[in-house]
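Colleague: I would like to go through the terms used for this model. Please set each value against its cut-off.

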Amino acid sequence: MNIGKASKSFKRCVDYSLYLVTDDKFLKDKENVCGTFINKIIQGVLGGVGLIQLRLKKSDDIYFYNTAVKIKNLLIPFNIPLIINNRLDICLSVNADGVHLGKSDIPLYHARNILGENKIIGATINFSDEKDIEMCINNRIDYIAHDHTLYESTTKKTIVSNEQGLKEQIRILENKIKYLYDKGKLIKNHNNTDVNYKNMIPPIILIGGINTNNIKNTMISFSNTCEGLAVVSCILDENSPSFINTLKLKYVIDKYKKSHCVAFINMYSSCLNYLYYQNIELKEQLNLPIIFQSTKQKMNAFLVTNMILDKNKLYFIPFKNNDHFDIITLNEFFKNSEKANVFLFHSSYDLFLNNNNKIDSSSINGILNKAKNSDDKYENIKDEIIKRINQLNDIIKKEHMGHNIFILIGEEICNLFNKNVYPQIFNSNYFFIIKKHSSIQSRTSEQWLYYDTKNACIQYNHNIINIFLKNEHFFSEENIKKFGLLMSYFLIVQDKNITPQFLQQIETQGETNFYEQTLWKFIATVDISLKLVENSMGI
């Protein structure tokens with residue numbers, strides 16, 4: 001999702017698919033900003049909510065403002081837009097991303113004039129009312145909701161349409177827009193070259209009584225006509241397991257609007273995201289419920305790397321406890337014969353950490369380039385590197401180390417492994433190969449499957465995952481180290497924390513085989529690692 005600050009000259013691209021709307025009835029503390037209320041919102045965000053509307057109809061101004069400030073600040077690391085219900089003054093004072101307006105609120109044209117084009121404006125309208133429709137489209141309203149609820153709501157007492165009634169209202173809306181368009185009453189967007197009237201229909205959001213029990217039938221009925229669903233009690237109710245319910249809702253939404261593959265990857269990525277925020281130190285702790293248990297005794301895992309790592313640098317993961325996994329150098333691995341789980345090798349570092357080799361260019365890339373130029377000194381070092389890889393070959397073969405994970409950063413280390421690693425090791429282990437996007441292979445090959453994210457194209461088969469980074473800034477020393485460490489962490493901890501029993505709660509079992517799930521989990525690992533680095537880069 002492309003995110004930008006409201007003050008920029010462009011508007012955010014918003015994921016409307018799961019929209020969380022708040023309500024005063026869930027506030028337990030009416031004097032101070034309610035911690036329980038905030039906590040449930042954050043659980044919803046970690047579970048897959050793409051948009052938050054702060055609706056506090058019964059709260060006084062200072063309480064509303066303080067709560068908006070708190071939520072706005074907490075949402076910054078997650079790049080989730082904050083919408084304020086009705087109150088343009090609070091929206092502007094906290095620099096929220098937009099407002100939602102009802103039929104009795106300030107007129108839409110005044111709101112657009114005050115807020116400008118880069119704020120999000122949503123509106124509750126009647127889909128049969130031509131004036132409502134004309135006002136929405138001509139003032140470039142970003143999304144709409146019908147003033148009748150889909151199902152009976154515990155937070156909004158109004159007429160209930162039910163599925164057939166709302167389907168009919170959407171059909172009426174489409175016909176009204178066509179009629180108004182043909183009459184010349186709708187202003188064409190100069191950015192829209194397609195004059196089809198259907199492209200003038202704003203994204204439709206359903207609201208009212210939507211929960212984990214009716215989400216499947218809702219998506220069967222509306223996945224092709226509605227952009228997203230707004231929920232309240234299913235996430236915010238005191239007795240609701242907020243994170244689990246959000247995962248369930250988003251999983252079904254993605255499955256019907258996108259595909260089963262995307263739904264599983266997004267769901268698993270959200271689980272890893274929750275695990276991360278559950279276990280790291282933050283300036284302002286989120287106080288999340290402990291859903292995923294993790295202990296050193298359970299893990300007994302090592303990350304072997306040839307990178308020089310400094311625990312005081314920003315790329316290092318600030319765990320609450322330093323026992324999530326141990327990082328050891330390649331020399332330590334050879335010396336102590338530790339049984340490692342994940343290997344992280346970077347072309348910018350040699351394979352001789354701490355061996356006192358005095359060479360001008362310590363990277364694998366530099367050594368190979370020097371060796372190509374018939375420099376005997378570097379040719380000898382190149383031979384030593386190959387010996388190291390053969391030594392690694394022998395240890396893996398001797399210890400029958402299969403199903404381990406190798407993360408290779410850069411073309412040089414990848415080429416060395418291709419030329420010198422035993423075929424059986426390639427076939428019995430998993431390899432993540434991180435490259436620049438310019439080296440991507442043709443998509444015509446039947447050998448590979450593809451998955452695209454904002455900043456990477458992922459190309460994968462049964463045990464090779466190629467990650468082609470689109471943004472060159474990812475290859476800066478700090479960012480690539482953070483990316484590699486995050487991937488290593490998630491690959492080590494995921495199966496010991498996110499168990500099949502947990503996934504059964506989301507009802508993912510039986511829809512895919514073990515092989516598919518393994519690859520999708522790996523893609524989710526890449527996806528969430530990229531997002532966390534993106535957030536730290538501010539892109």
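Modeller: A residue is called buried when its relative accessible area is under 20%. By that rule, buried residues make up 56% of the 539 residues in this chain. The model is a predicted one.

Colleague: Why is Ser240 called buried?

Modeller: The relative accessible area of Ser240 is 14%. The cut-off is under 20%, so Ser240 counts as buried. Ser240 sits in the loop between helix H8 (233–236) and helix H9 (242–257).

Colleague: What makes the pair Ser240 and Ser233 a polar contact?

Modeller: A polar atom of the Ser240 side chain lies 3.2 Å from the backbone oxygen of Ser233. The limit for a pair of N or O atoms is 3.5 Å, so the distance passes. Leaving aside neighbours within four places in sequence, Ser240 is in contact with Lys40, Ser233, Cys234, Ile235 and Asn245.

Colleague: Lys40 is in H1. How do you know that H1 meets H9?

Modeller: Contact requires heavy atoms within 4.5 Å. On that basis Lys40, Gln43, Gly44, Leu46 and Gly47 in H1 meet Ser242, Phe243, Thr246, Leu247 and Lys250 in H9. The axes of H1 (residues 35–47) and H9 come within 8 Å and cross at roughly 35 degrees. The crossing of H1 past H9 is right-handed.

Colleague: And Leu330: buried or exposed?

Modeller: Buried: the relative accessible area of Leu330 is 3%, and the cut-off is under 20%. Leu330 belongs to helix H12 (residues 330–336). Its C-alpha atom is separated by 5.8 Å from that of Val304, 26 residues apart along the chain.

Colleague: What makes a set of residues a nonpolar core?

Modeller: The members must be buried, of a nonpolar type such as Phe or Ile, and joined through side-chain atoms within 4.5 Å. The largest such core here has 153 residues, and those with the most contacts inside it are Phe37, Ile407, Phe432, Ile467 and Phe483. Helix H10 (residues 260–279) gives the most to this core, with 13 residues.

Colleague: Why is this core said to lie between domain 1 and domain 2?

Modeller: Domain 1 (18–279) and domain 2 (301–353 + 371–461) both give residues to this core, so it lies between them. A second, separate core has 28 residues, including Phe333, Phe343, Ile385 and Ile433.

Colleague: Which residues does Phe483 touch?

Modeller: Not counting residues up to four places away in sequence, Phe483 touches Ile434, Ile467, Leu469, Val526, Ser529, Leu530 and Val533.

Notes: Residues numbered from 1 in each chain as written. Predicted model: local features only at pLDDT ≥ 70, side-chain atom pairs only at ≥ 80, totals over all residues. Heavy atoms only, no water. Buried < 20%, exposed > 50% of the residue type's maximum accessible area, 1.4 Å probe, protein only. Helix = DSSP H or I, 4+ residues; strand = E, 2+ residues; numbered from the N terminus. Domains from an automatic or database assignment. Polar contact = N/O pair within 3.5 Å; in protein donor to acceptor, adjacent residues only side chain to side chain. Axes fitted to C-alpha atoms, helices over the stretch in contact; angles between N-to-C directions. Left-handed = near helix turned anticlockwise from the far one by under 90°.
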